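I opened this notebook to keep track of what I looked up, entry by entry, for a reader who comes to the structure for the first time.

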Amino acid sequence: MALVTLLTDFGMTDSYVAEVKGVILSLAPATTLVDVGHLVAPGDIRSGAYLLGRSWRRFPEHTIHLAVVDPDVGTGRAAMALRAQGHTFVGPDNGLFSAVLHDAEVEIVTLPVPDGASPTFHGRDLFAPAAAALANGTPLLALGAPLVGVPHRLAYTEPRYEGKSIVGEIIYVDRFGTLVTNLTPGLVPPYASIEVDGLDLGPLRHTFGDVPTGGLLAYVGSGGEVEVAVRGGSAARRLGLGVGGRIRARLG
């Protein structure tokens, strides 16, 4: 039985997610579908890439991951399917798979657009049939021609040293208002003091219970990055910060 995950910015108000699932189940009825999420902000490729990057490894080998955050749907951007580390991925070539492509050997094919496909709904008319074909055992290389050139990757800012500090940035804001950063425990020793928006949060904490309700704290989150949160509240709202905001770890 094939397993297909779905990650989109389609939301849950309209019929779009159901239409994609209907196509897959019509073509590959034995498929198990798992929703990673459909509430990515419209067209927010960077957030989609982050969510896919932290979730796909939690699934067993041979899982098929259908991801569609595609603001350039119907244009000249390529559609692709790729295999990496025992998993297969289907979606637009727009940087959405940046985390998957990092330091991995991959096989990639370009998917042709089927006749009659809606130019505004490749999720249903192009990517869903491709995922169903893979679920039915169709070889990757039978879906299209090998990709010419290199797949698109998002550009990321790496943490940098400024004197006795290391400066990173916010890369994602979750539904709780938690600020996920690109700093990792390997860059932030236990004695470092975390500073964000001019506020000194002190050293990394272990969990939310280490501060009183309403308190700000920095800690290592479940994805392995340094995060900033408010216990029982929203750090994004409290600080007025979002993706691209700076965080500093003072080392001395």
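**Entry 1, ground rules.** I noted that this is a predicted model, in which local features need pLDDT of at least 70 and side-chain atom pairs count only at pLDDT 80 or more, while totals for chains, interfaces and linings use all residues. Residues are numbered from 1 along each chain as its sequence is written, and side-chain values use heavy atoms, with hydrogens and water left out.

I then followed Leu66, setting aside its neighbours within four places in sequence, and found it in contact with Val4, Thr5, Leu6, Leu7, Val20, Ile24, Val90, Phe127, Ala128 and Ala131; contact means heavy atoms within 4.5 Å.

**Entry 3, the cavity.** I asked which residues line the largest cavity. The lining is made up of Arg46, Tyr156, Glu169, Ile170, Ile171 and Val243, and strand E9 (residues 165-173) supplies the largest share of it, 3 residues. A cavity here is a set of points, on a 1 Å grid over the protein atoms alone, where a 1.4 Å probe fits but cannot get out, and lining residues have an atom within 4 Å of a point. By class, the lining holds 4 nonpolar residues, no polar ones and 2 charged ones.

I found 9 salt bridges in the structure, each a side-chain nitrogen of Lys or Arg within 4 Å of a carboxyl oxygen of Asp or Glu. In one of them Arg124 pairs with Asp125, the closest N and O atoms being 2.6 Å apart; Arg124 is partly exposed at 23% relative accessibility, whereas Asp125 is buried at 17%.

I next turned to Glu162, which is partly exposed at 30% relative accessibility. Glu162 forms a salt bridge with Arg160, with the closest N and O atoms 3.2 Å apart, and another with Arg248 at 3.1 Å, N to O. The pair of Glu162, in strand E8 (residues 160-162), and Arg248, in strand E15 (residues 246-250), links distant parts of the chain, 86 residues apart. Salt bridges that share partners join Arg160, Glu162, Arg246 and Arg248 into one network. I also noted that Arg160 is partly exposed at 36%, while Arg248 is buried at 15%.

Last, I located Asp210 in the loop between strand E12 (199-202) and strand E13 (216-220), where Asp210 counts as partly exposed at 39% relative accessibility.

How values were computed:
1 Å grid on protein atoms, 1.4 Å probe; cavity = no way out; pocket = protein on both sides within 12 Å on 5 of 7 lines; lining within 4 Å. Helix = DSSP H or I, 4+ residues; strand = E, 2+ residues; numbered from the N terminus. Nonpolar A, V, L, I, M, F, W, Y, C, P; charged D, E, K, R; others polar. Buried < 20%, exposed > 50% of the residue type's maximum accessible area, 1.4 Å probe, protein only.
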